[in-house]
Amino acid sequence: MLCKLAFKSELRQGLYNFIIDCPEMAKAAKPGQFVHVLCGGSAYLRRPISICDAVNDRFVRFIFEVRGKGTAELAKAQPEQLLDVLGPLGNGFEVPEELSGEAVLIGGGIGIFPLLMLAKKLPQKPLVMLGFRDKQSAVMIREFSNAAKEVFVASDDGSIGHKGFVTDMLKSKIASGAKIDKIYTCGPVPMMKIVADTAKENNIECMVSMEERMGCGVGACVTCTCTMTDGSRRRVCKDGPVFNGAEVDFDG
Ligand SMILES: Cc1cc2nc3c(=O)[nH]c(=O)nc-3n(C[C@H](O)[C@H](O)[C@H](O)COP(=O)(O)OP(=O)(O)OC[C@H]3O[C@@H](n4cnc5c(N)ncnc54)[C@H](O)[C@@H]3O)c2cc1C
Ligand code: FES
């Protein structure tokens, strides 16, 4: 689908905030789903990027970091330009009608973006835990604060928030006796593994959003599989990207 780039900004160096005008997609989008964007230029590749938000049944927002040739090409797009975007793709996070305790959202690095729409859609404001490399890479804390009951921040070097792993904050929240009903996480695999293990040890349901390199994005090429604890392989683009954390073999 061709969608007009309605707004573009740079949140920090190399991190782009795009808002595209695409009512059909905005109406259908669920938190945790992604778009597959044709990046143009000589790269001519589609790249998967999480939907960060859908606004007014008209606009879809996504945020991406320049990593390689595809995202570098995409970053050159200008407002009013038409982008070729497939979506919304993937299953997305399950949003319950009610919660029997807190929902905790844990994101690391570029994994924080799909959690914003989820925070807005949950039946009650969640606890949000965000992990960054350092203060320079920390973004969107104010936006998350508006959608959350409380936001906790951690950084590797301690230049903002807790010094250490974002998962430390989950462990101390559980140790403090908080009643947690569901955990949702997206970010680096080692982080999600700790989150899923902690959830399992404490009998808390945990949904993880996996990231794999993709080809087609729609289930046909089997480039994007991840291994499950029963040995089966599932397609991140079609069966995921969201899976039950207890069912994913993070070492597979
Ligand atoms: C479901 C899903 C949602 C995503 N959401 C976002 C998002 O919201 N914001 C965002 O910035 N990025 C997101 N990504 C990651 C994004 O798709 C990659 O950064 C992008 O495809 C890199 O393309 P490139 O051509 O710029 O880099 P390439 O030239 O293809 O690669 C550059 C470097 O990035 C690594 N890389 C590329 N793709 C991936 C990947 N999928 N997982 C791990 N490493 C990779 C390569 O190994 C290489 O080291 C998401 C990925 C998936 C699968
Ligand atoms: S990317 Fe082709 S099957 Fe997932």
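User: What does contact mean when I read how far apart in sequence the joined residues are?

Analyst: Contact means heavy atoms within 4.5 Å. In this protein, among contacts between residues at least 6 apart in sequence, 58% join residues at least 24 apart. A word on the basis: this is a predicted model, where local features need pLDDT of at least 70, side-chain atom pairs count only at pLDDT 80 or more, and totals for chains, interfaces and linings use all residues. Residues are numbered from 1 along each chain as its sequence is written, and side-chain values use heavy atoms, with hydrogens and water left out.

User: How many helices and strands does the protein have?

Analyst: Helices (H or I, at least four residues) and strands (E, at least two) are DSSP runs, numbered from the N terminus. Here there are six helices and 16 strands.

User: Which strands is strand 13 joined to?

Analyst: Two strands pair if DSSP finds at least two bridges between them. Strand 12 (residues 180–186) runs parallel to strand 13, with five bridges, and Lys182 stands opposite Glu205. Strand 16 (residues 242–244) runs antiparallel to strand 13, with three bridges; there, Phe243 is the bridge partner of Val208.

Methods. Chains are lettered from A and ligands numbered from 1 in the order in which they are written.
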